[in-house]
Amino acid sequence: MTAIGSRAAARPVPTASASTRPRPDAGAARRKREARAAFFFLLPDSLGLLVFVFVPMLLAIALGFFSLDGFGNLEFIGGANYVRMFGDPQFLQSAAVTAVYLVALVPLIFVISLALALLVQQRIPLVGFIRSALFAPYVVSIVVVGLIWQFMLADRVGVLNQFLAAFGVRDVSWLGDPQYTLGTVVVISIWFQMGYYMVIFLAGLQDIPSEYYESARIDGASAWQRFRSITLPLLRPTSLFVFITVTIAVITGGFDLIYIMTGGGPAGSTSLLIYYVYEQAFLFGEYGYAAAIGSVLILVLLLWSAFMFRITRGGRIDDGE
């Protein structure tokens, strides 16, 4: 037994062969393959952004320093377009209209979409049908939406005016009176977009663990307390996304609906900045001036994006930690 034990003790312990040892450069090779795969995945989208976003953006900024008409006459005029812009009463009016449109539309879409998401999250009869009905307007062409609402809001013969006439309300020009026109466009924009943002909020709500609500109910928290202490804090990333996208959509969008329904009128009451750019470029041939206005819009959006990026630490919500 002693001899056997001594031989076993003297037997060399098997070690990993050189072929089974991980190579020192295995991690570096894997990272290189992952970087190569990421490059080829991002390449198509990056080329699209470069060709269709960044290059036109730079050209528009450069064109703002020139006078260019529809006949190819190009002349460098420095900052004259920008000086003209801030002395242009129509530009200032369009900027004011855009500001009012922004302040009215963004909070209303936010609140209504969140309320609808909270509603359709409940287990109520026909909830699937209700969700589809609320989202349906968003899948319809905005041109069709504008034409339908234009027909419904026509003076005297429109469906809405005929309905209101039964209650003694007559001669309301929803699209012809500056007092009502912008508000009418805001209401239609909310109706058109609320279903889309409802779906986004609904996705955020469904990511909140139900255990939090059950614990709050056991502790006797009311529905408002659960909403304030659980739903709103955990919904902040989704809320931030909705807030940013709605704001950008308001500043850069809205053209189709304005073009179809009001044409910027009456008396410029619905002339958003994006529509004013269209007028200057394609109706009056002031391409350099339109490019300068577009450059200001680009600058506003870049500053807004940088501000939101800053306060959210690169897209992460600051919890005050």
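How much of residues 39–66 is helix and how much is strand, and how far apart are the end C-alpha atoms? I looked this up and found 89% helix and 4% strand, with the end C-alpha atoms 38 Å apart. Helices (H or I, at least four residues) and strands (E, at least two) are DSSP runs, numbered from the N terminus.

**Ground rules.** I am working with a predicted model, where local features need pLDDT of at least 70, side-chain atom pairs count only at pLDDT 80 or more, and totals for chains, interfaces and linings use all residues. I number residues from 1 along each chain as its sequence is written, and side-chain values use heavy atoms, with hydrogens and water left out.

**Confidence.** I read an average pLDDT (the predictor's confidence in each residue, from 0 to 100) of 84 for the protein chain, with 89% of the residues at 70 or above. Residues 1–10 fall below 50, and I find 0 contacts (heavy atoms within 4.5 Å) for this stretch beyond near neighbours in sequence.

**Annotation.** The unreviewed UniProt entry marks "transmembrane region" at several spans, including 39–66 and 99–120; such annotations may be inferred rather than shown by experiment, and positions follow the numbering used here, with feature names shortened. I checked 99–120 as well: 100% helix, 0% strand, ends 32 Å apart by C-alpha.

**Salt bridge.** I found 1 in the structure, counting a side-chain nitrogen of Lys or Arg within 4 Å of a carboxyl oxygen of Asp or Glu. R84 and E286 form this pair at 3.5 Å, N to O. R84 sits in helix α3 (residues 80–85) and E286 in the loop between α13 (273–283) and α14 (287–311), 202 residues apart.
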